[in-house]
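Trainee: Before we look at the model together, could you show me how to read its features one by one, with the general idea ahead of the particular case?

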Amino acid sequence: MAKTGQRVSTQNQVVKFENGDTTSVTSSSASIAIASESCRVYSTTACYLKSGDSTVTASSSDYDIYLPALVTYDISVGSDTHLAAIRDSADGTLHTSEAVG
């Protein structure tokens with residue numbers, strides 16, 4: 001996962017990731033605020049992710065992305081303001097960093 005201020009190359013474009021945040025991923029859906037259209041996610045456990053407004057929830061039957069454990073993934077949330085996560089089978093931590101500039 002990119003550290004605050006680290007620049008990475010994505011499809012011939014340099015993207016800077018900042019404003020890192022974390023949330024616990026458990027058997028209950030939890031959401032985290034996202035202020036940009038793109039973010040990088042990384043989780044210590046396999047989980048299901050869903051973007052939406054402040055009321056969004058994720059479940060194993062209603063999700064946008066399945067994120068395997070220990071995989072870094074760049075996602076676009078468009079105009080959505082929150083990202084919800086729920087674990088697959090074990091508790092863990094979801095890390096997010098927002099794309100800037």
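Mentor: Let us start with the salt bridge, which is a side-chain nitrogen of Lys or Arg within 4 Å of a carboxyl oxygen of Asp or Glu. This is a predicted model, in which local features need pLDDT of at least 70 and side-chain atom pairs count only at pLDDT 80 or more, while totals for chains, interfaces and linings use all residues. Residues are numbered from 1 along each chain as its sequence is written, and side-chain values use heavy atoms, with hydrogens and water left out.

Trainee: Which side chain meets aspartate 74 in a salt bridge?

Mentor: Arginine 40 does, at 2.6 Å from N to O. Burial is read from relative accessible area, with buried under 20%, exposed over 50% and partly exposed in between (1.4 Å probe, protein chains only); aspartate 74, at 35%, counts as partly exposed, whereas arginine 40, at 10%, counts as buried.

Trainee: How many salt bridges does a search of the whole structure find?

Mentor: The search finds three. Among them, aspartate 62 pairs with lysine 50, their closest N and O atoms being 2.8 Å apart, and this pair links the loop between E5 and E6 with strand E5.

Trainee: How should I read an aromatic pair?

Mentor: Rings of Phe, Tyr and Trp (its six-membered ring) pair if their centres lie within 6.5 Å, and planes under 30 degrees apart count as stacked, over 60 as edge-to-face and the rest as tilted. A search of the whole structure finds two such pairs. In one of them, the ring centres of tyrosine 48 and tyrosine 63 are 4.7 Å apart and the planes are at 55°, so the pair is tilted. Tyrosine 48 is buried at 11% relative accessible area, while tyrosine 63, at 37%, is partly exposed.

Trainee: Where is confidence lowest in the protein chain?

Mentor: Confidence is expressed as pLDDT, the predictor's value for each residue, from 0 to 100. Its mean over the protein chain is 84, but confidence is lowest in strand E1 (residues 6–10), at a mean of 42, and highest in strand E5 (residues 47–52), at 96. Over residues 1–10, pLDDT stays under 50. Where pLDDT is low, the predicted coordinates should not be read in detail.

How values were computed: Helix = DSSP H or I, 4+ residues; strand = E, 2+ residues; numbered from the N terminus. Contact = heavy atoms within 4.5 Å.
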